[in-house]
Every structure is written in structure tokens, then in C-alpha cells.
Amino acid sequence: MRIHGIYAITDASLGDELLTKARLALIGGVRVLQYRDKSSDQAKRLREASALAVICREFGAMFIVNDDIALAQATAADGVHLGQSDGQVAHARAVLGRAAIIGVTCHNDLSLARNAVAAGADYLAFGAMFASPTKPQAQLCSLDILRAARAEFSLPLVAIGGISVDTIAPIRNAGADAIAVISELWRSDDTITRSQRLTQEIYTQ
């Protein structure tokens, strides 16, 4: 499995709509779904992540858990995404096995990307590309950084942060293999159509 297409990151504010909207997003073409919830109790997170893993398998999509290596293992997730303070690639690999997909947040720093590659990461995430409701104060990553990463690394690159349908094209053209979205997908009243539009845009040349 290779990271590509629309990489949807769940929003904890979805509440009881989470599973329904996740299914609609996958119907619309989302290829990677990351479960992200830093505030709920462990029982709820295990319940939701387990259900999402089942739905992703039904659609042949990749299921990634944000930050929590133990939760990724417990739900038989395809992999885990690690921020700079969320654990080491080597530890994740030891726990989840050689087949696990391990991604690393590199922000706008190529040196972080080099460290992640040396540690055995499977994909690299850069951003924020734009200010977003989720992380309005995040330091921005330029297209030049993304282009430099594309020239240097053969691993899949994920762009994240405030990306909309209208801003996918330059990010795609700069070398991103996958576009991570949160608000642009989940805040739509028509999840299937928005997922289809996002998917169409990332593959349009």
C-alpha cells in the first residue's frame, strides 16, 4: 500500500456523525483515513478507531492512527502517524512490524525529513500549507520546501494544512503525492460530493 490521493484526517467535533461521514468520504474516493482524537477517553478512542478500521478495510482504504502506537496496534491499523513529540519511528516499527506504514510530520524542515528517512519512515508530511481552523497559528510551509523535498526524497509526500479544492493544484504540481484535509471535507453538507471533488482535483493534470 502506498500513500496517495486524498488523506482525510478525522475531526473530533464530528461526534456521533464520525462513522457515517467517514463512510461517505470513502465512497467519494478518499484513499487514506487517519483517526485523530487527542481529547476523548481511551475506551471511546478504541471503539471509534476499531470501527473506522473495519470501514476502511471494506473500501480497501488505508487506516492510519495519529500519534498513538498502542492504539494502532490494538486496532490492527495499517500504520501510525508520528509528530515530532509522539514517539520514535524505531519504536513504532518494533511494535507494529515491518509491514506497518509509518509517517512523520516534518513541518517545513528538510532536516527533520532527512532524520525521518534515516529512521525508516514510509512517508513524510509537510505543512501547514495555509492557516487552518484546526491549527491557525501553525508555521507555514512554502511550495519551495515541497519542491525541494520532492527532488531529494523518493518517499510519498503528504501536504497538510488549510488546503481547499481551489488550492490543491499548485501543491500537487509541487510534488505532493497526497493531500491531507480536515475542515474542507468534514464541514461540507455533502461529504460524498466534496470527497469526489477533492479526489478529482488531485488527479487532474
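Modeller: Happy to! One term first: helices and strands here are DSSP runs, numbered from the N terminus. Keep in mind that this is a predicted model.

Colleague: Got it. Which strand or helix gives the most to the lining of the largest pocket?

Modeller: That is β6, with 4 residues. Other elements supply at least two residues each, among them β1 (5-9), β5 (101-107) and α8 (183-186).

Colleague: How much space lies in that largest pocket?

Modeller: About 640 Å³. Its lining has 36 residues, and I9, K135, I160, G161 and I182 are the ones nearest the centre.

Colleague: And how does the lining of the largest pocket divide by class?

Modeller: There are 14 nonpolar, 16 polar and 6 charged residues in it.

Colleague: Next, the second largest pocket. How much space is there?

Modeller: The second largest pocket holds about 210 Å³ of space. Its lining is made of 14 residues, with Q84, G87, Q88, V89 and V104 nearest the centre.

Colleague: Which of them has the largest share?

Modeller: α5 does, with 4 residues. By class, the lining of the second largest pocket comes to 7 nonpolar, 6 polar and 1 charged.

Colleague: Which residues line the largest cavity?

Modeller: The lining consists of T10, D11, A12, L14, G15, L18, Y35, R36, D37, K44 and E48. Sorted by class, that gives 4 nonpolar, 2 polar and 5 charged residues.

Colleague: Okay, on to the helices. How do the axes of α1 and α9 cross?

Modeller: The axes of α1 (residues 18-28) and α9 (residues 191-203) come within 7 Å of each other and cross at roughly 40°.

Colleague: Is the crossing left-handed or right-handed?

Modeller: The crossing of α1 and α9 is right-handed. On the α1 side, K21, L24, A25, I27 and G28 make the contact, while α9 brings T191, I192, S195, Q196 and T199. Those contact residues divide into 4 nonpolar, 5 polar and 1 charged.

Colleague: Thanks, that helps!

Key. Residues are numbered from 1 along each chain as its sequence is written. This is a predicted model: local features need pLDDT of at least 70, side-chain atom pairs count only at pLDDT 80 or more; totals for chains, interfaces and linings use all residues. Side-chain values use heavy atoms; hydrogens and water are left out. Axes are lines fitted to C-alpha atoms, for helices over the stretch in contact, and angles run from 0 to 180 degrees between N-to-C directions. A crossing is left-handed if the near helix is turned anticlockwise from the far one by less than a right angle, and right-handed if clockwise. Contact means heavy atoms within 4.5 Å. Ala, Val, Leu, Ile, Met, Phe, Trp, Tyr, Cys and Pro count as nonpolar, Asp, Glu, Lys and Arg as charged, and the others, Gly among them, as polar. On a 1 Å grid over the protein atoms alone, a cavity is a set of points where a 1.4 Å probe fits but cannot get out, and a pocket is an open set with protein on both sides within 12 Å along at least five of seven lines; lining residues have an atom within 4 Å of a point. Grid points are joined across faces, edges and corners, and a volume is the space filled by probe spheres set on the points.
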